[in-house]
Amino acid sequence: MVRRLITVCSFLLVCAALPAAAQVQTTGKPGAPSATTTIDGKQLPAPEPKFGGVIKNDALSSTPWWAPRIVPPSGAPNVLLIITDDAGFGVPSTFGGVIPTPTMDRIAREGLRYNRMFSTALCSPTRAALITGRNHHSAGFGVISEQSTGFPGYNSIIAEDKATIGRMLLDNGYNTSWFGKDHNTPAFGASQSGPFDQWPTGMGFEYFYGFVGGDANQWQPNLFRNTTQIYPYQGQEGTWNLITGMADDAIDWISRMHQIDPGKPLFIKYAPGATHAPHHPTKEWVDKISAMHLFDGGYEQLRQTIFANQKRLGVIPQNSKLTAWPDSVLTPWAKLSPTAQKLFIRQVEVFAAYAAYSDYEIGRVVQAFEDAGRLDNTLIIYINGDNGTSAEGGPLGTPNEVAFFNGVNMMPVETQMKWYDAWGTEETYNHMSAGWSWAFDTPFDWFKQNASRLGGINQNMVVSWPSRIKDKGGMRQQLVHVIDVVPTILEAAGISAPETVNGIKQAPIEGTSFLYTFDAANAKMPTRHSTQYFEMMGQWALYKDGWLISTEVNRAPWEAFGPANTDPLNNQVFQLYNLDSDFTQSTDIAAKNPQKVKEMRAAFEAEARKYQVFPLDASVAARIVAPRPNITAGRSEFVYTRPMVGLPQGSSPLLLNTSYTVTADVTVPAAGAEGMILTSGGRFGGYGFYLLKGKPVWTWNLIDLERIQWMAPDALTPGRHTVTFDFKYDGLGSGTLAYNDFSGVGRGGMGTLSVDGKVVASKKMEKTMPMILQWDESFDIGSDTETGVYDTDYKPPFAFTGTLNKLTVTMDRPELSPADIQKIKDAQAMAGDNK
């Protein structure tokens, strides 16, 4: 008994010495199974407490003692962190947009609106910053993982010294979960061979239901529950949709967690794929939006309407100005053909339906908290967009976003009209004209990717917490960045950022809590986040005490395949703005303030060195096929002896820009055989090697615009056969991209199909896909998951009905010779001289 009292007294003395945010709170009798405690949070996981019982030789003479269960501080709120995708400032009705977003409106009425929430200009960099509280380069996400390179700021690996908010809350007693988009698992580390430490479940989110990658077909997604791929849409193709599916799963999770332990706070990161391409709403929502005729006047008129709404609502200053419409970049509406106008209206109605549909389903999740009686103590942070609206569909839009990433960014309107009636269905991977994107970034200009313009980085946000925020419907204009969300949640929960996690000293949190803005008395207080850099693919800016230096936009987002600026730090046209008086970045005052420009340039360089932004790299598409440490690196032969599905593109043999041979050793039963032997990609770009009515076939699907086939004239007879497809590539290969030269990729070659050593089909391909297959589809052996490469030939899963004894893939990648390299350099020097 004396020993117990000493232990308890010592414990209380330690508690009394802790800061208020880390004050340890205990309940119950020490050692009892019902005892709980908070922790100071400095070390995660918390160290095991010293055994407080008594051990004698026998159990009857001994006293048991249970370590107290770790719980969050009393009053710690549930947290619903919502972030939508590719949505600019002018998208939601809450901030003047014409698209109805009643859920966001509701949260704004019950809480606060923020008109200076900043992103990084690109999706996974913003999301890495959001969950770590560190700048995107600090978190390894200077660009998306599909562009990652071998530098600390760009390797797409969240290092162990930067624990996520999920891990911090989990170890402090929260239930944690992640629904929807996961674009923070490295593209080269997403296979079932693991490791899984960079998956949500490995980063502190106990439950994950979503897709891995930048986007997904919402009708047939590459969907995971934790780390296991699932196919809930099977048998419901064309009716099941992930936007509803993930809301259903989140509501189920909320209900289960609440019923199991009603007192345990919940944390949800809710990240729908909307409104990233492909824009996949249900027909019900498309019909609703179409009936409203919101866009019949064209995109310039839409911009003016949104701008007027924003002033009427008071979400922007009354003296705000719009920059001029970029006639040289985007064709004015009046100059479009009637067919183009018809197509563009269809494109934007589907986009708007997608945004409205997503907001509705978010509302169902919010309602689940209210139905559980938890809404009053739930902190909801709803961020509209992880960057500005995407213009990656180009000025004309596209029925297939995979085309953009392979250099086809101006698909003729007449070609696109083939998909007019199917726009937004499972038959398209659609994106809209960039004219709409410009309008949806009102009151700013430019787009996603453009880190030097507010249209790329100035989002908006609503926050509610009924039991805490009393200034309902209030507006906040303080600068807030996504890195500020983590410290805000921690302060709201009364939890300290850890000093060590798993024995690893943690890097400092780089964001600043904006909890102070929740109080009406602080509504006009100057921002506590006084300096913030921005950089994306060589375009950069710096905010400091109201000033913004930015580089002039030198590349539209759809211009990804041209030569890159080789000196992004200095070879720029610099612009200067005072955002305190110029909300929309409309008036460049650099010429009048040369000393301030010099000062701000130096400040950016200092921030860039501090947060591992160097080396700057302005290349875009060239980085997509850069070498990475995936499981195929250094290998040229791959052997498979059993059916296998679900191997992601980043971890499978890439048959682009190389010679290759695929050999299948198969046995055909007496009744014959058909089905898929090997496929990668799907309806919107990829290849398939299969038996069709017994005949061997190799099909290349070139971004759903053309299909090239090699087909044997006869079906395979019963018995064992060797079927081979061999391709001899004519180009120099992807090695030219290291010199920012695209001459080596997308070239043609000769394909030959053989059966038992005899050539049965031979054909020249004039061109090939230069960059990437359909990224949300996998490398499958023995059947085809998700969509097929040729709907006319088969429907998935199209399982192989013979026996696959062995499948061998060999590649002979081109190597640049010294002469090749010199030729590239000479051509670049000549091009530079001719400028």
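Which residues of α13 are buried? Some notes on that and a few other spots follow.

1. Ground rules: this is a predicted model, where local features need pLDDT of at least 70, side-chain atom pairs count only at pLDDT 80 or more, and totals for chains, interfaces and linings use all residues. Numbering starts from 1 along each chain as its sequence is written, and side-chain values use heavy atoms, with hydrogens and water left out.

2. Back to α13: the buried ones are Val485, Val486, Pro487, Thr488, Ile489, Leu490, Ala492 and Ala493. Buried here is under 20% relative accessible area, exposed is over 50%, and partly exposed is in between (1.4 Å probe, protein chains only). That makes 8 of the 9 residues of the helix (485-493), so α13 is largely enclosed by the rest of the structure. Gly494 follows α13 and has a positive phi, near 70°. Helices (H or I, at least four residues) and strands (E, at least two) are DSSP runs, numbered from the N terminus.

3. Have a look at Glu361 in helix α8 (residues 338-371). Glu361 is buried, at 5% relative accessible area. The side chain of Glu361 makes a polar contact with the side chain of Arg364 at 2.5 Å. For such a contact, a pair of N or O atoms must lie within 3.5 Å; within protein, one must be able to donate a hydrogen and the other to accept it, and residues adjacent in sequence count only if both atoms are side-chain atoms. Leaving aside residues up to four places away in sequence, Glu361 touches Ile243, Thr244, Ala247 and Tyr270, with contact meaning heavy atoms within 4.5 Å.

4. On to an open, antiparallel sheet of 6 strands, ordered β23-β32-β25-β26-β27-β28. Strands pair if DSSP finds at least two bridges between them. β23 (644-647) and β28 (706-711) are the edges; each has a single partner strand, so one side of each is left without a neighbour in the sheet. β27 (residues 695-702) and β28 pair over 6 bridges, and Leu702 has Glu706 in β28 as its bridge partner.

5. Most residues other than glycine have a negative phi, and most peptide bonds are trans. Ala274 to Thr275 is a cis peptide bond, with omega near 5°, and Thr275 sits in the loop between β11 (266-271) and α6 (283-290). Phe614 to Pro615 is cis too, with omega near 5°.

6. Ser156 has a positive phi, near 60°, and is buried at 0% relative accessible area. Asn226 also has a positive phi, near 60°, but is partly exposed at 26%.
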